[in-house]
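Look at the fold below and trace the chain from end to end. Then read on.

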Amino acid sequence: MPPILAFAETRGGELRKVAFEAVTAARQAADASGSGEVHAVMIGAPGLAGRAEDLGRHGADLTLVVEHPGLERYSPEVFAATLAERVKTTGYRAAFFTASAQGRDLAPRVAARLGISMASDVTGFELQGDTVVAQHPAYTGKVNVTLRLTGSPAIISLRPGFVTPAEQPRGTRVETLAPAMDPTTARVMVTELSQRSTTKLDLGEASIIVSGGRGLRAAENFKLVEDLADAIGNAAVGATRAVTDDGWRPPTDQIGQTGRLVSPDLYIAVGISGAIQHLAGMRTAKTIVAINKDKDAPIFKVANYGIVGDLFEIVPRLTDEIKKTRRG
Ligand SMILES: Cc1cc2nc3c(=O)[nH]c(=O)nc-3n(C[C@H](O)[C@H](O)[C@H](O)COP(=O)(O)OP(=O)(O)OC[C@H]3O[C@@H](n4cnc5c(N)ncnc54)[C@H](O)[C@@H]3O)c2cc1C
């Protein structure tokens, strides 16, 4: 049975959570469709090879390591050329990416170079023989489209957080691969990466997100949302577009159709109406809790748990209770 490729994204020499999601998904697809190896590929500056074992733990039979000093940062041309060459020469059944910021840029480049089918922002997949069948939310999540990708291999990019990384240990083999082109000759180079805060949990990596909307009334009231996220621990803070447009939060915090697509285990929506464009970015969360004073707010249609009431009373009480419980 031909193997499946999984792109294992790294940043600063470390594997990102989405890397384990892609490898886990590829392993699940291989196992569910009979057998076949999973090949994970990492691209970056020298020093990555030590991470191969982590990919083996998540189900990679072979880890391909592409290292070059010129690949410390994402290089669209080099990454795409290297992956396209590997896919072309190895005869993969499918290639799995995640629809992270990097994956959203990279996967279509690889598909275009090879002239092969691709589905993006995938929230369900199956391999039927060599054919990939993928689910993809369309029209801002109003419908779920089932796509049958013709031709093999096909590429899918998974919605971040949709797959829960699982350990399925394999004694992974490691192979080094040269970049398909010299990174110093690339026409586009990322020269700088500006990060707002290195301590802030990325929305795509967070398994819990507390998000705030216009119901908070002012930027300073976002402290309530931050305090709740802190009390829970290891939770990221998101926002609606109404909030980012008003400058209460940076645009990078926006969740929705024109913002980040997330699929955390728990999503707490505070003072958010649940406009279709917001739901498009978060409705695949595993559990949704909504706090809103309007019992008819659309957010309650997708919420698993709803609290109808004034957020200014409810959120501080919830935060206190969580703190008390955590103190034991
Ligand atoms: C092309 C396009 C793209 C868009 N993309 C996005 C996107 O990516 N993401 C996104 O979020 N939006 C997006 N929008 C905007 C979207 O349509 C909504 O306007 C926006 O999501 C509303 O944000 P909100 O829920 O914070 O505000 P509102 O809709 O104003 O809702 C505020 C809610 O707070 C509740 N509330 C008020 N006070 C309290 C209180 N004291 N206690 C409890 N509840 C309270 C209200 O009942 C209300 O339900 C887009 C729009 C367009 C046209």
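Predicted model: local features only at pLDDT ≥ 70, side-chain atom pairs only at ≥ 80, totals over all residues.

Residues are numbered from 1 along each chain as its sequence is written.

**Domains.** The protein chain splits into domain 1 (4–185) and domain 2 (208–327). These bounds come from an automatic or database domain assignment. Taken over C-alpha atoms, the domain centres lie 31 Å apart. Nine residues from domain 1 and eleven residues from domain 2 make the contact. Two residues are in contact if their C-beta atoms, placed from the backbone, lie within 7 Å. On the side of domain 1 that touches domain 2, three residues are nonpolar, four polar and two charged. Here Ala, Val, Leu, Ile, Met, Phe, Trp, Tyr, Cys and Pro count as nonpolar, Asp, Glu, Lys and Arg as charged, and the others, Gly among them, as polar.

**Two helices.** Helices (H or I, at least four residues) and strands (E, at least two) are DSSP runs, numbered from the N terminus. The expected span of a helix is 1.5 Å times one less than its number of residues.

| Helix | Residues | Length | End-to-end C-alpha distance | Expected span |
|---|---|---|---|---|
| α9 | 311–327 | 17 residues | 24 Å | 24 Å |

A residue is buried if 20 or more other C-beta atoms lie within 10 Å of its own, exposed if 12 or fewer, and partly exposed in between; C-beta atoms are placed from the backbone. In α1, 13 of the 16 residues are buried, so this helix is largely enclosed by the rest of the structure. Just after α1 comes G34, with a positive phi of about 115°.

Helix α9 buries L311, V315, L318 and T319. Seen down the axis of α9, these fall within an arc of 100°, so they line one face. The arc is that of the directions from the helix axis to the C-beta atoms. An α-helix has 3.6 residues a turn, so residues three or four places apart point the same way. The buried residues of α9 pack against α5 (222–232), β15 (266–270) and β16 (287–292). On the other side of α9, the exposed residues are E313, R317, D320, E321, K324 and R327. G328 follows α9, and its phi is positive, near 80°.
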